[in-house]
2 protein chains.
Amino acid sequence: MFIGEFHHTIDDKGRIAIPSKYREILGKNFVITRGIEHCIYVYPSDTFNHIVTKLESLPFTKKDARAFTRFFMSGATAIELDKQGRVNIPSPLSLYANLSKKCVIVGTGDRLEIWDEEAFDEFMSSCNDEMSDIAENLFEEKI
Amino acid sequence: MFIGEFHHTIDDKGRIAIPSKYREILGKNFVITRGIEHCIYVYPSDTFNHIVTKLESLPFTKKDARAFTRFFMSGATAIELDKQGRVNIPSPLSLYANLSKKCVIVGTGDRLEIWDEEAFDEFMSSCNDEMSDIAENLFEEKI
DNA sequence: TATTTATCCCCCACTTTTCCCCACAATCTA
DNA sequence: TAGATTGTGGGGAAAAGTGGGGGATAAATA
């Protein structure tokens, strides 16, 4: 399970270090792709394949299914870590997530998310106030 | 069950001692994460895992689910006590809870909460007067 | 086809952070 | 009063993150 928040930097060669705590969970091969809030998702291969299976069960005759599948699959790249535990972010993804030098890597259970630091701060502060309301309505019963 | 209120200090390395009365309940491994009112939650692993299971049942295609999961999971860190019974508060959490030197650790049943002392005093005095109204709507029947 | 250019990846080195251990002071208990 | 427990402070080793050089491979151009 991925949890935690790490602040790393992208160097001039476009590399970013994956936090060492995540490396053993991710394994040697994994997948990165576009995420929904202009961030980048990082999935272990198994998890990614599972989601793909789900997406493929949607009919291509539905507009939303086509759009989301295109969004999700076209952004995906199979990744291997270099020996220092770093990855190269493909430039289309880097552009999509608006990555500058300072990034945030967060664990959200079954995946990692890579955010531009500024965007992440903005997201967090924007939902701090709502979080009480959001939590209020997530579950009806005691969890 | 966690009850009580303790006033401890964070040292220059960001460490805070867990009150010894809580240590045996927490066990050797537990989890700290962001709490809703700008405080830090401390959960025994079992309790945390239970909540995570509930969260993972929500689809990532729902916005509120993504937001809350991100909020809750990204703040989380698995903790082991050092030999002095202290924990390291990760700096993102420390910032979130606005922790300075003096902190309050309170038991609230199934979890602990770590507050900045000043924020805790403020919260307590701010809702003391409303408590009558708050209590009014909690239950419909005798408890 | 040959030469140049660019990209990727490995290696080495440095800095910073983290974690573990030891020590001391204050409080509590017998 | 002596000993044990609890909270606090700090030193040092190990690990993690960061930056840059250089060689191999692939792509581009003449």
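Between chain B and chain A an area of about 2,500 Å² is buried, and carbon and sulfur atoms give 71% of it. The model is a predicted one, and every value here is computed from its atoms. The contact draws 30 residues from chain A and 29 residues from chain B. Superposing chain B on chain A takes a rotation of 25° with 8.1 Å of shift along its axis, and leaves an RMSD of 0.6 Å. The copies meet through different surfaces, because only 7% of the interface residues of chain B are also interface residues in chain A.

Between chain B and chain A the count is four salt bridges, while the structure holds 16 salt bridges over all chains. In one salt bridge, A:Glu5 pairs with B:Arg34, with the closest N and O atoms 3.3 Å apart. This pair joins two chains, because A:Glu5 lies in strand β1 (residues 5-9) of chain A and B:Arg34 in strand β3 (residues 29-34) of chain B. Another salt bridge is formed by the side chains of B:Arg70 and A:Glu113, at 2.7 Å from N to O. Across the interface of chain B and chain A, eight residue pairs are in polar contact, with both residues at pLDDT 80 or more. On the side of chain B that touches chain A, the elements giving two or more residues are α2 (45-56), α3 (63-74), β5 (77-80) and α4 (91-96) of chain B. The largest share of that side, 11 residues, comes from α3(B). The residues of the side of chain B that touches chain A divide into 16 nonpolar, six polar and seven charged.

Turning to the DNA, DNA strand D is surrounded by 22 residues, of which the closest are A:Lys13, A:Arg23, B:Lys13, B:Arg15 and B:Arg23. Of the atoms of DNA strand D that come within 4 Å of the protein, sugar and phosphate account for 53%. The surface near DNA strand D receives at least two residues from each of β1 and α1 (20-26) of chain A and β1 (5-9) and α1 (20-26) of chain B. Its residues divide into four nonpolar, seven polar and 11 charged.

DNA strand C is surrounded by 13 residues, the closest being A:Lys13, A:Arg15, A:Lys83, A:Gln84 and B:Gln84. Of the atoms of DNA strand C within 4 Å of the protein, 26% belong to sugar or phosphate, and the rest belong to bases.

| Protein atom | DNA atom | Distance |
|---|---|---|
| A:Lys13, side-chain N or O | base oxygen, DNA strand D | 2.6 Å |
| B:Arg15, side-chain N or O | base oxygen, DNA strand D | 2.6 Å |
| A:Ser20, backbone N or O | phosphate oxygen, DNA strand D | 3.4 Å |
| A:Arg15, polar side-chain atom | base nitrogen, DNA strand C | 3.3 Å |
| A:Gln84, side-chain N or O | base nitrogen, DNA strand C | 3.4 Å |
| A:Arg86, polar side-chain atom | base nitrogen, DNA strand C | 3.4 Å |

Technical notes:
Residues numbered from 1 in each chain as written. Chains lettered and ligands numbered in written order. Predicted model: local features only at pLDDT ≥ 70, side-chain atom pairs only at ≥ 80, totals over all residues. Heavy atoms only, no water. Near = heavy atom within 4 Å. Polar contact = N/O pair within 3.5 Å; in protein donor to acceptor, adjacent residues only side chain to side chain. Least-squares fit on C-alpha atoms with pLDDT ≥ 70 in both. Contact = heavy atoms within 4.5 Å. Buried area = accessible area lost by both parts, 1.4 Å probe. Helix = DSSP H or I, 4+ residues; strand = E, 2+ residues; numbered from the N terminus. Nonpolar A, V, L, I, M, F, W, Y, C, P; charged D, E, K, R; others polar.
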